[in-house]
Amino acid sequence: MAVEPVGTPIPATPEHAPRWKRLPVVHQLRTSVGLQRTMLVTGLTLTALFLLTALLAPVLAPYGWAQLRADGELFGAHLEPGGDHLLGTTVAGYDVLSRVIWGSRTALYTIVIGVILSIVVGVVLGLVSGYFGGWLDRVLVVVADAVYAFPSLLLAILAAIVISGGQSSMWGGVMATAVSITVVFIPQYFRVVRAEVVRVKSEAFVESARVVGSGHLRIMTRHVLRNATRTLPLIITLNACEAVLTLAGLGFLGFGIEPTAAGDWGYDLHKALADVTSGIWWTAIPPGLAIVLTALGVTLVGESLNDLADPRLRTRRRAAVVAGEVGSTVAVPGGVLSAGPEGADGIDALEGPPPDVVPEVEPSAEPGTAGQEPTR
Amino acid sequence: MSRPVVEINDLHVTFDTDAGPVQAVRGVHLEVAPGEVLAVVGESGSGKTVTARSILGLLPQTARTTGAVLLSGPGGQEALDVTTISAAQLRRVRGRDAAMVFQEPSSVLNPVFPVGWQIAEGLRAHGRLSRAQARERAVDVLRRVGIPDPEHRVDHYPHQFSGGQKQRIVIAQALVLNPGLVIADEPTTALDVTVQAEILDLLRILPRELDAAILLITHNMGVVADLADRVAVMYGGEIVEQADVRTLFAQPQHPYTRRLLDAVPRVGGARLRQRARETTDSSAAPVVRARGLEVTYPGRLRRPGFRAVAGVDLQIAPGEVLGLVGESGSGKTTIGRAIAGLTHVTAGSLEVLGVEMNGVRERRFRPVRKRIGFVFQDPATSFNPLLTIAQCVAEPLLVHGAAGSVREARARVDELLEAVQLPRSFGARFPHELSGGQRQRASLARALALDPDLLVADEPTSALDVSVQARVLDLFARLQAELGFACLFISRDLAVVDLLADRIAVLHRGALVEEGTGDQVLGAPQHPYTQRLLASLPVPDPVEQAERRARWLELRGG
């Protein structure tokens, strides 16, 4: 059972924070404290780094992803880090740093396409299924359960073969990953949205819309959908993370994107496999780190957003001693006015014109005053 | 004078919240003498539950406490300060020195263990008892709280008991260790009136037999009048008045106490509406006419369905307010929902504004919908949390094409908000920024947006504090007189219905047992169920309540 509601004080005119402060991530960032804040900030930094790298790849990368020579001269294979090549070159003679930077672009495409595809299909199916119920709902739930059993990597391999027909291209690889991710993640969006819709559907405000005479489409879009998206951020981040890992896995297994088509972390890892035993570290570690950090950043953002959204998991700033605002109670019956710090003594004042002097908040009690005789 | 069982000295409690620290209790002093019943009354947010919970150290981690809570042990042991003792000591104190009875019996009992096991759990936590001994004690205490056939029922699971019996078991659980103090936090709020009367009776007799004091937390002044010896009134985290129960009801000192007592509705008290029904044209077609109305909810596989409404005949004339009274499960809400087209009629006939609802198609009913308003019970959930109040109130106007956009509807919305005495600026607020009473008034504004001929109000004030309820009911009566809509007013509170209704209909297990004007039904009830219902209702006056209690005991015995 919850504690007696302490109530949020209701000012005469509500002060809505500026719009940018109420945006999803910004709002959480401002309210978080302690470890949760550290997690969120770390996640956001890593994700921002990834996004910036992907967007600014042409500026950041010293060479192209398929570039083998500069000024008509070959780079050379397995050059050690330093000089013209900050992270050295690979066995085939590509610049490692440039391939890692360009690889972030491929990863971003995969994430964006994969997330958009699965979110649209999953949310629409979940909404319709949860709202109308009946046989459609039962069939969709069974199908979703069946799809759960699909291993995403195997599906991605299949999709890679079907889509690119054996030809390796950037969009072939990206689409193969995105499609397999979509298939695997639709059931997750579907389940979550459906469960929320079933919950929201029975709330009084939806019934109220029905009593008013709103049509199904209006109820679904205006009243149900927007209240059913609470847990989506967490799934989006999981979805994005899975997309990065599947793309890398595909490349690592040799179904990835040829180096002439685009940068691909998985492909680079695959080619670096033989280098590791011969003491060449710089071909394996940079793409590996890129995969790990991207996945970690996105997951951290998701995890901390999830924790912050749940009041039972959210940590709050601790109160210093006994001090602070008095939980306001309604002073005037049914009142527009509510009693502030002056408490019961302020009732009559509130009914009339406002008092000239606003009484101060009671000073915080010292522990030493305990044990006094009752004053009332 | 013996030492008090519990002594609270200058207690302050502060909570850490998202909006910064919030003070819930500010300098409370309280004493409970052995064997005494002290009622702490106050509205939500007054800090009464926080005060009570601090006695057992049951506050959440976000709470910060200063002051002293001295709890006496059994046999004159030295009193311990609960706020400072260790967790191990606190565990020893809980149940032995003070026990708690919670509000909702069905969520307090663990559904997967037999009740006897749950009672023995408390015994075993405090002493070495063999299984057989613990069981014996459990049977004994169950017999004391009036569970029939306790030797057999001790092995039953919570779902095999009724709500009232479950609350008895919770009380048994609290009493089994013979604590000096029982804290009862709204022990009867979740129960029906007739069951409430039985539990109050039990709470009156038992602790006295066992020499335990009761700290009763409640917002129901009738319960206070029935049970308490002394009353402390809390407001805004402080105790504003403490007095003997008769003194408090007869001569309340603090203005807040006076206002609180004035706001409590009484059966047979002043009414809010003039009964000018003689002028009603009885030949006019009724707004609602039900004949042999039946609503059956389908059962699970191979099980028969549940008949919520079984053959009800009733009529509502234009401009008339019909009060529908009944306990939970009586089918009153189902009738309201059937009239609004939210539940299918399964048999009989229900005509709403000229449309037969049995087997009606949505397309045929759609045009009628704009002539019906609906006010829901829980103001917390009846607004879409993502829309502003103005958008919510404008919704009916938009749906029925009375306005093209929220902006166009704004003039009408402002007018409606003013009609329900909310400032226009509230239109820009979100529902969570309004108090319960304000939200319920906005809900009324939404229901009246299209100037309906019929309003269905499903327990519109049961979630509100008394003083807030008084204001909403007053407003309701005024708007009804002004706009002249017919109304089905559903409530389980006889006193509230009496304030508003022209006629009162009493439902019992899906059937209409009595119908008539307020004076007929409440003044001279004919049906035994109505008589029992009326006698169970505690009145907010200790002297009168003592007489009523005697009558109730007579009725129960007879």
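Two strands pair if DSSP finds at least two bridges between them; helices (H or I, at least four residues) and strands (E, at least two) are DSSP runs, numbered from the N terminus. The model on your screen is predicted, so local features need pLDDT of at least 70 and side-chain atom pairs count only at pLDDT 80 or more, while totals for chains, interfaces and linings use all residues. Residues are numbered from 1 along each chain as its sequence is written, and chains are lettered from A and ligands numbered from 1 in the order in which they are written.

**Stop 1: a sheet in chain B**

Select Gly323(B) and look across to S19(B), where its bridge partner is Ile504(B). Now widen the selection to strand S13 (residues 321–325) and strand S19 (residues 503–508) of chain B, which pair in the parallel sense over four bridges. They belong to an open, mixed sheet of six strands in chain B, ordered S16-S17-S18-S13-S19-S20. Strands S16 (372–375) and S20 (511–517) of chain B stand at the edges with a single partner strand each, so one side of each has no neighbour in the sheet. From one strand to the next, the twist averages 15°.

**Stop 2: an enclosed helix**

Next, pick residues 163–175 of chain B, helix H7. Its 13 residues reach 19 Å from first C-alpha to last, close to the 18 Å expected at 1.5 Å a residue (the expected span is 1.5 Å times one less than the number of residues). What covers them includes helix H4 (115–126) and helix H5 (131–144) of chain B.

**Stop 3: two loop residues**

Click Glu186(B), in the loop between S7 and H8 of chain B. It has a positive phi of about 45° although it is not a glycine, and it counts as buried. Then try Asp451(B), in the loop between helix H16 (436–447) and S17 of chain B. Its phi is also positive, about 55°, but Asp451(B) counts as exposed, with 11 C-beta neighbours inside 10 Å.

**Stop 4: a helix pair in chain A**

Finally, show helix H11 (residues 232–252) and helix H13 (residues 285–309) of chain A, whose axes lie 8 Å apart at an angle of about 165° (axes are lines fitted to C-alpha atoms, for helices over the stretch in contact, and angles run from 0 to 180 degrees between N-to-C directions). That makes H11(A) roughly antiparallel to H13(A) (over 145 degrees; under 35 is roughly parallel, 65 to 115 roughly perpendicular and the rest oblique).

Terms used. Contact = placed C-beta atoms within 7 Å. Buried ≥ 20, exposed ≤ 12 C-beta atoms within 10 Å, placed from the backbone.
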